Amino acid sequence: MSPPTVVSLYTGAGGLDLGFEAAGFETRVAVESDTEACASLQANRPSWKLINGDIRSDAASSSNILRVADLRVGDADVLIG
């Protein structure tokens with residue numbers, strides 16, 4: 001059975017995501033606009049798919065988030081932010 005999935009908005013350095021990971025969830029995509037936080041995420045969780053962009057940008061549109069996460073509408077178990 002696959003772990004429950006998380007879509008993370010306003011991820012920062014990923015603290016909330018790490019808590020969900022410890023509880024058995026899988027972060028499928030993280031959205032963060034701060035470049036330093038993104039650098040930290042890439043260094044510490046290189047397997048996470050990351051969108052480095054403002055939540056209001058096309059890069060962070062719902063359709064792009066789902067595409068990057070390889071999810072369909074309704075597939076994500078949790079949205080955190």
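**Notebook: salt bridges and exposure**

I looked up Arg-72 and found this residue exposed, at 61% relative accessibility. I applied these cut-offs: buried is under 20% relative accessible area, exposed is over 50%, and partly exposed lies in between (1.4 Å probe, protein chains only).

I noted that the model is predicted, that local features need pLDDT of at least 70 and side-chain atom pairs count only at pLDDT 80 or more, while totals for chains, interfaces and linings use all residues. Residues are numbered from 1 along each chain as its sequence is written, and side-chain values use heavy atoms, with hydrogens and water left out.

I then listed the salt bridges (a side-chain nitrogen of Lys or Arg within 4 Å of a carboxyl oxygen of Asp or Glu). The structure holds three.

Entry on Arg-72: its side chain forms a salt bridge with that of Asp-75, at 3.5 Å from N to O. I recorded Asp-75 as partly exposed, at 29% relative accessibility.

Entry on Arg-56: I found a salt bridge to Asp-54, with the closest N and O atoms 2.9 Å apart. Arg-56 is exposed at 73%, whereas Asp-54 is partly exposed at 31%.

Entry on Arg-45: its side chain meets that of Glu-21 in a salt bridge, 2.7 Å from N to O. This pair links distant parts of the chain, 24 residues apart: Arg-45 lies in the loop between helix 2 (35-44) and strand 3 (50-52), and Glu-21 in helix 1 (residues 15-22). I took helices (H or I, at least four residues) and strands (E, at least two) as DSSP runs, numbered from the N terminus. Arg-45 is partly exposed, with a relative accessible area of 27%, and Glu-21 is partly exposed at 32%.
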